[in-house]
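Subject: Structure for you to look at

Hello,

Here is the structure I promised to pass on. Please open it next to this email, and then read my notes below.

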Amino acid sequence: MKDHRNTAGFEQKHSPVIPMVFLMESSDELMGEPIDNANEFLKNLKSIVENNPMLSKQADISVVSFNSHVKTKTAFSSAKGYVPPRLVAKGGASFNKAVLECLDIINKRTAEYKKRGISYFKPYLFCFTNGRPTDNELEELCKNRLYNELLMNNLSVIFTSMGDGADIQCIKSYFYPADPFKYVGTQSVTENMLKVMDLYLKVKQEESCMRP
């Protein structure tokens with residue numbers, strides 16, 4: 001508790017925190033170029049965030065990976081404290097379980113903000129997947145909970161496809177049904193979005209900044 005940055009994940013005490021969870025698939029279907037690209041993204045993420053005027057001071061970053069199992073690779077940390085993890089492709093794709101765990105992680109983190117009196121932007125969940133889950137028994141539960149979070153405006157979800165054979169329609173099925181704009185980006189699109197996220201957040205600040 002002595003180190004405020006370890007518990008709050010941002011540099012300026014009076015600036016709203018920007019919670020960001022990156023959910024990265026590492027199933028055996030992504031061996032080769034797709035997993036190499038994912039690792040390159042996680043490596044580039046540090047410089048992208050550190051070079052962004054707002055994210056460098058206010059981002060609170062966590063990385064979660066999933067194959068047959070779900071694992072937090074990087075606990076919430078500031079831009080300076082973020083250490084890029086390395087993914088290894090193996091096993092299945094427990095995407096539904098991973099999304100559910102990410103929602104728990106986000107809710108726990110925002111509860112910490114509220115407890116400490118810290119204002120924060122609406123959390124971002126970045127989902128990197130090829131859209132071929134192997135835990136279909138959890139699909140309905142996952143979608144219902146995700147739809148509810150989106151309906152309540154509790155978070156924003158950005159989907160990024162992995163590999164040439166990604167099932168885009170499956171990925172789009174995880175969007176809130178009433179959302180008319182169902183877009184799945186590529187890795188380069190996501191990187192470019194992060195580079196200008198400070199501009200986006202400044203425009204959206206009044207409606208997206210949540211007070212404790």
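Keep in mind that this is a predicted model.

Start at Leu23, which stands opposite Cys127 in strand E5. Leu23 also stands opposite Val64 in strand E2. Both contacts belong to longer pairings. Strand E1 (residues 18-25) pairs with E5 in the parallel sense, over five bridges. E1 also pairs with E2 (residues 59-66), again parallel, over eight bridges.

Now step back to the whole sheet. Six strands make up an open sheet, with mixed pairing. The order is E3-E2-E1-E5-E6-E7. Strand E3 (70-77) and strand E7 (184-185) stand at the edges. Each has a single partner strand, so one side of each lacks a neighbour in the sheet.

E5 runs parallel to strand E6 (residues 156-161), and six bridges join them. Thr129 has Ser161 in E6 as its bridge partner. From E5 the chain passes through helix H5 (residues 139-151) to reach E6. This β-α-β crossover is right-handed.

Ser161 turns up again in a pocket. The second largest pocket holds about 250 Å³ of space. Its lining includes Ser161, Met162, Gly163 and Asp164. Glu33, Pro34, Asn37 and Ala38 line it too, and so do Thr186 and Gln187. Which element gives the largest share of this lining? Helix H2 (residues 33-50) does, with four residues. By class, the lining has three nonpolar, five polar and two charged residues.

Gln187 also belongs to helix H7 (residues 187-195), where Gln187 is buried. Thr190, Glu191 and Leu194 are buried in H7 as well.

First, Leu23, with Cys127 opposite in E5 and Val64 opposite in E2. Then Thr129 and its bridge partner Ser161. Last, Gln187, which is in the pocket lining and is buried in H7.

Best wishes

Notes: Residues numbered from 1 in each chain as written. Predicted model: local features only at pLDDT ≥ 70, side-chain atom pairs only at ≥ 80, totals over all residues. Heavy atoms only, no water. Pairing = 2+ DSSP bridges. Helix = DSSP H or I, 4+ residues; strand = E, 2+ residues; numbered from the N terminus. Right-handed = clockwise from strand over helix to strand, strands pointing away. 1 Å grid on protein atoms, 1.4 Å probe; cavity = no way out; pocket = protein on both sides within 12 Å on 5 of 7 lines; lining within 4 Å. Points joined across faces, edges and corners; volume = space filled by probe spheres on them. Nonpolar A, V, L, I, M, F, W, Y, C, P; charged D, E, K, R; others polar. Buried < 20%, exposed > 50% of the residue type's maximum accessible area, 1.4 Å probe, protein only.
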